[in-house]
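Colleague: I am new to reading protein models. Could you take me through one, feature by feature?

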Amino acid sequence: MCDYEEFKFNCNHTTAKLLSYCHFARTDPYHQCFGVKVTKHTWVQNALCPPCEAYQAACEAMKAQQAR
């Protein structure tokens, strides 16, 4: 059971970051874990996730270009 921390964004997207491998994944040459993913921490971010942030910036740029 590998340990993860989870990040929740305002856009309702989530990402997970690996904190530590379990014993089986540490000894596997490819670090494959077939066990349960354990979330140790959940962090609420008061921002959009990077892909949504880029999408919003592209939409605003397109609106500004159309307004000309």
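Colleague: Let me start with a strand residue. Which residue is the bridge partner of Tyr 4 in β3?

Modeller: First, remember that this is a predicted model. Now the general idea: strands of a sheet pair through backbone hydrogen bonds, either parallel or antiparallel. Here, Tyr 4 has Thr 39 as its bridge partner in β3. The strands β1 and β3 pair in the parallel sense, over six bridges.

Colleague: And how do β1 and β2 run?

Modeller: Strand β1 covers residues 3-8 and strand β2 covers residues 14-20. They run antiparallel, joined by six bridges. Look at Glu 5: Lys 17 in β2 stands opposite. The two strands form a hairpin, with five residues between them. In that turn, Asn 12 has a positive phi of about 70°.

Colleague: What is the order of the strands in the sheet?

Modeller: The order is β2-β1-β3. These three strands form an open sheet, and the pairing is mixed. The edge strands are β2 and β3, each pairing on one side only. On average, neighbouring strands are turned by 25° against each other, direction ignored.

Colleague: Back to Tyr 4. What lies over the face of its ring?

Modeller: Lys 37 does, at 5.3 Å from the ring centre.

Colleague: How many aromatic pairs are there?

Modeller: A pair of aromatic rings is described by the distance of the centres and the angle of the planes. In this model the count comes to zero aromatic pairs.

Colleague: Now the cysteines. How many disulfides does the structure hold?

Modeller: It holds zero disulfides.

Colleague: Is Cys 49 buried or exposed?

Modeller: Cys 49 counts as buried, because its relative accessibility is 5%. Compare Cys 33: at 28% relative accessibility, this residue counts as partly exposed.

Colleague: Where does Cys 33 sit?

Modeller: Find the loop between α1 (23-27) and β3 (38-44); Cys 33 is there. Leave aside its neighbours within four places in sequence: Cys 33 is in contact with Met 1, Cys 2, Cys 22 and Ala 25.

Colleague: What separates Cys 33 from Cys 59?

Modeller: Along the chain, they are 26 residues apart. Their C-alpha atoms are separated by 39 Å.

Conventions
Residues are numbered from 1 along each chain as its sequence is written. This is a predicted model: local features need pLDDT of at least 70, side-chain atom pairs count only at pLDDT 80 or more; totals for chains, interfaces and linings use all residues. Side-chain values use heavy atoms; hydrogens and water are left out. Helices (H or I, at least four residues) and strands (E, at least two) are DSSP runs, numbered from the N terminus. Buried means under 20% relative accessible area, exposed over 50%, partly exposed in between (1.4 Å probe, protein chains only). Contact means heavy atoms within 4.5 Å. Two strands pair if DSSP finds at least two bridges between them. Rings of Phe, Tyr and Trp (its six-membered ring) pair if their centres lie within 6.5 Å; planes under 30 degrees apart count as stacked, over 60 as edge-to-face and the rest as tilted. A charge sits over a ring if NZ of Lys or CZ of Arg is within 6 Å of the ring centre and within 35 degrees of the ring normal. A disulfide is a pair of cysteine sulfur atoms within 2.5 Å. Axes are lines fitted to C-alpha atoms, for helices over the stretch in contact, and angles run from 0 to 180 degrees between N-to-C directions.
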